[in-house]
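Keep the 3D view open while you read.

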Amino acid sequence: MSPRTFPDDLVRTQRAWTTTYQTLAATHPADNTALRRELLRLSVHLFWHPYLAAHQAARPELRARARTSASDGAGRPG
């Protein structure tokens with residue numbers, strides 16, 4: 001079975017969700033309300049993304065790919 005190809009915007013959104021979640025969970029940020037709102041906004045975007053609407057079973061693979069690409073620095077600007 002070949003690996004899935006996810007849309008770039010979907011991977012970026014999942015990566016941002018993971019980063020926001022980790023920031024919220026690992027620290028005591030001064031403005032956790034803003035982080036929680038951002039997490040909610042990203043969650044809505046992920047939930048309603050057309051690709052995931054058609055490929056529900058791909059969600060765990062997307063999460064794993066976003067975590068891997070975030071940890072190795074792939075896709076980070078500059």
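Predicted model: local features only at pLDDT ≥ 70, side-chain atom pairs only at ≥ 80, totals over all residues.

Let's start with Arg65, which is partly exposed at a relative accessible area of 28%. (Buried means under 20% relative accessible area, exposed over 50% and partly exposed in between, using a 1.4 Å probe and protein chains only.) Arg65 sits in helix α4, residues 59–71. Leaving out neighbours within four places in sequence, Arg65 is in contact with Pro3, Arg4, Thr5 and Phe6, where contact means heavy atoms within 4.5 Å.

Residues are numbered from 1 along each chain as its sequence is written, and side-chain values use heavy atoms, with hydrogens and water left out.

**The overall picture**

The chain has 4 helices and 0 strands, running α-α-α-α from the N terminus. Helices here are DSSP runs of H or I with at least four residues, strands are runs of E with at least two, and both are numbered from the N terminus. Of the 78 residues in the chain, 27% are buried. The accessible surface comes to about 5600 Å², with 57% of it belonging to carbon and sulfur atoms; these areas come from the Shrake-Rupley method with a 1.4 Å probe, and for residues only the protein chains shown count as cover. Take the contacts between residues at least 6 apart in sequence: 67% of them join residues at least 24 apart.

How confident is the predictor? The average pLDDT, a confidence for each residue from 0 to 100, is 86 for the chain, and 86% of the residues score at least 70. Confidence is highest in helix α2 (residues 32–48), at a mean of 96, and lowest in α4, at 85.

**Helix α1 and its partners**

Helix α1 has 19 residues and reaches 27 Å from its first C-alpha to its last, close to the 27 Å expected, the expected span being 1.5 Å times one less than the number of residues. Its buried residues are Leu10, Val11, Thr13, Gln14, Arg15, Thr18 and Thr20. Gln14 is worth a click: this residue of α1 (residues 8–26) counts as buried because its relative accessibility is 5%. Gln14 touches Leu46, Leu62, Arg63 and Ala66, not counting residues up to four places away in sequence.

Further along α1 is Tyr21, whose C-alpha lies 6.8 Å from that of Leu39, 18 residues away in sequence. Tyr21 and Leu35 are 8.0 Å apart, C-alpha to C-alpha, and 14 residues apart in sequence. Leu35 belongs to helix α2 and, at 19% relative accessibility, counts as buried.

**Aromatic pairs**

The count is 3 aromatic pairs. Rings of Phe, Tyr and Trp (its six-membered ring) pair if their centres lie within 6.5 Å; planes under 30 degrees apart are stacked, over 60 edge-to-face and the rest tilted. Here are two of the pairs:

| Pair | Centre to centre | Angle between planes | Type |
|---|---|---|---|
| Phe6 and Tyr51 | 5.5 Å | 70° | edge-to-face |
| Trp17 and Tyr21 | 5.2 Å | 5° | stacked |

Phe6, in the segment before α1, and Tyr51, in helix α3 (residues 50–54), are 45 residues apart, so this pair links distant parts of the chain. Phe6 and Tyr51 are both buried. Trp17 and Tyr21, on the other hand, both lie in α1, 4 residues apart, about one turn of the helix. Trp17 is partly exposed at 23% relative accessibility, and Tyr21 is partly exposed at 44%.

**The nonpolar core**

Which residues make up the largest nonpolar core? There are 8: Phe6, Leu10, Val11, Leu46, Tyr51, Leu52, Ala58 and Leu62. Such a core is a set of buried Ala, Val, Leu, Ile, Met, Phe, Trp, Tyr and Cys residues joined through side-chain atoms within 4.5 Å. Both α1 and α3 supply at least two residues each to this core. Leu62 touches Phe6, Leu10, Val11, Gln14, Leu46 and Leu52, again not counting residues up to four places away in sequence.

Key:
pLDDT = per-residue confidence, 0-100.
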